Amino acid sequence: MKKYTVADSINLALADGINPLAFIHNNKIVNENGSPIEFADHQFLLRPYADMTPEQVVMKPSQIGWSVCGINKSLWLAKYMKANIIYTMPSRTATKDFVSPKVDPIIMQNPVYQSWMGKTDSSALKAVGERFIYFRGSWEESAAISISADVLINDEVDRSNQKVLETYRTRLDASRRERPDLGFVWQWSNPSIPGYGVDENWQLSDQKHWFIRCPHCNFEWYLKFPENIDFEKQEYICTKCRKVLDREARRNGRWVVKNSKASISGYWISQLMMPWIPASEIIAKSKKDQSIFYNFTLGLPYISADQNIGRQTITRCIAPNLNPKTGVVMGVDNGVKKTVVIGNVHGIFKIYETESWEEIEEDFQRYGASMVIDANPYPNIPRKLAAKYPGRVFIHYFVQEQKSMQVILWGSGDKSEIVESDRTKIIDLIVSEFTNQEITFNMTLKELEDKSYIYDWSQLYRTVETNAQGIQKSVWRTIQDRRDHFAFATIYWRIALELLYAQGGVIRTPQKKQNSFYKKGVMVSPENTVPSVNLKNIAEKTMHKRKSWKTH
Ligand SMILES: [Zn+2]
């Protein structure tokens, strides 16, 4: 590459090839709306734009102009560093939704980019100069092994398939031999839960924080929620002197490395750093769904007691009383190995895994039980059992969020053996029941641990995803490649319990604390449904605390 000297400073065109920042400036690059890329309000983007560290990670909120930075840097790398680039998004659809409304308009609006483009110009592949940018979804394993590149960019890491992202990484090996100056891996994403995806990589990085200086007391620090917000005045305030930090004070800052030993360049960006976002907006957002607030406003991973069933939550639900084993219901998670949870209104008293449907049917008969079985992936035997025991065995399907507030829907007519549930709402319901100790285990901790019951639940977490219409919604996910069978068997068991209540088939003893969910009136008749829990209330009960970082 050319050496840049002071003598060259009059020749701006030379600087184009040195750094994307100089290129953006010299060529007056505009964004997808035709507006100039400006850094007055986006000073925090200057260093990331210029950063050519081989490994980078950015943990960020939404709406900060990051994708424009990513697109500009990709185009620059292809042209000036002669790099083939793989740019991944979570899915093929997400790729299209990124290229058509973002990448294509940026190319269209900037004549210099247009002049670089080759014949190949689709939403999946673009020729830039002599090189290519491949836009790929993270769920296409075959796409991952068929191309090789010099630079790998993973956008929306936390919503992507981590296994396939690893496969993409191996595609850089050949490049590293031929082009030791490249082999870059750059990742950015809204975070989800602690220790996963972008947060996992951020922890390994140099962890740059954006420091601003207080004009009143000269104290230099980074902005945090809720410490730097005055909720009454609705203003940003200084960590030390508590005086108001105006827009100008928040505009000027610098990146400070926390972990200088790390070779990965990491940035944490939050909306508190955006000078144009007033404190009132942050306060308003903080009162809504906490996952959305932390992940998309603060750019931080988040998990609360209501978003994950940990060991402690389950331990608190253990009440090793004698169970009368009447009014028994069973939940079965389908698979080569079937996972079974058995219990009644008094609690769950038996759990196991088996390959034998006969064993399950024997228990079903022994307890005179009712049973809900997951339909997939092997629906044949469940169907036969449902036909053999009408009104007692049901096949279950999860449905996507419906407009109505329904959680569980029992089939009728020729679908009378079917029960459907809204995935997010039913898991929300059960998690809140666990948290409030409304579900009990008449079993020992050792048994729950030995059989992987506690482990299975702890692999489930609640996160926020954006659908094709751009609407954010909460979903429960399992950490990739981890088992969750007992969690789902419990969900089917809980649905089966509902059926029993609805039919009035249970003798209701005066209720102890653990059965108070019964009194809340969530149980209704088979044709009707169950109202969902008020998650906003639950979210407001928990206050997230992140470990403080004291370097001074
Ligand atoms: Zn101050």
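This is a predicted model: local features need pLDDT of at least 70, side-chain atom pairs count only at pLDDT 80 or more; totals for chains, interfaces and linings use all residues.
The protein has 552 residues, of which 41% count as buried. Its secondary structure is made up of 22 helices and 22 strands. Contacts reach well along the chain: of those between residues at least 6 apart in sequence, 67% join residues at least 24 apart.

In soluble globular proteins, nonpolar side chains tend to be buried together. Here the largest nonpolar core has 128 residues, and those with the most contacts inside it include Ile-85, Met-330, Met-371 and Trp-493. Helix H20, spanning residues 485-503, provides the largest share of this core, with 11 residues. For Ile-85, once neighbours within four places in sequence are left aside, the contacts are Ser-74, Leu-77, Ala-78, Ile-133, Tyr-134, Ala-149, Val-151 and Ile-153.

Strand E14 (residues 329-333) and strand E17 (residues 370-374) pair in the parallel sense over four bridges. Both strands belong to an open sheet of seven strands with mixed pairing, in the order E16-E15-E14-E17-E18-E20-E19. At its edges are strand E16 (347-354) and strand E19 (408-410), each pairing on one side only. On average, neighbouring strands of the sheet are turned by 20° against each other, direction ignored. Helix H17 (residues 423-435) lies across strands E18 (393-399), E19 and E20 (418-422), and runs at about 80° to E20.

Key:
Residues are numbered from 1 along each chain as its sequence is written. Helices (H or I, at least four residues) and strands (E, at least two) are DSSP runs, numbered from the N terminus. A residue is buried if 20 or more other C-beta atoms lie within 10 Å of its own, exposed if 12 or fewer, and partly exposed in between; C-beta atoms are placed from the backbone. Two residues are in contact if their C-beta atoms, placed from the backbone, lie within 7 Å. A nonpolar core is a set of buried Ala, Val, Leu, Ile, Met, Phe, Trp, Tyr and Cys residues joined through C-beta atoms within 7 Å. Two strands pair if DSSP finds at least two bridges between them. Axes are lines fitted to C-alpha atoms, for helices over the stretch in contact, and angles run from 0 to 180 degrees between N-to-C directions.
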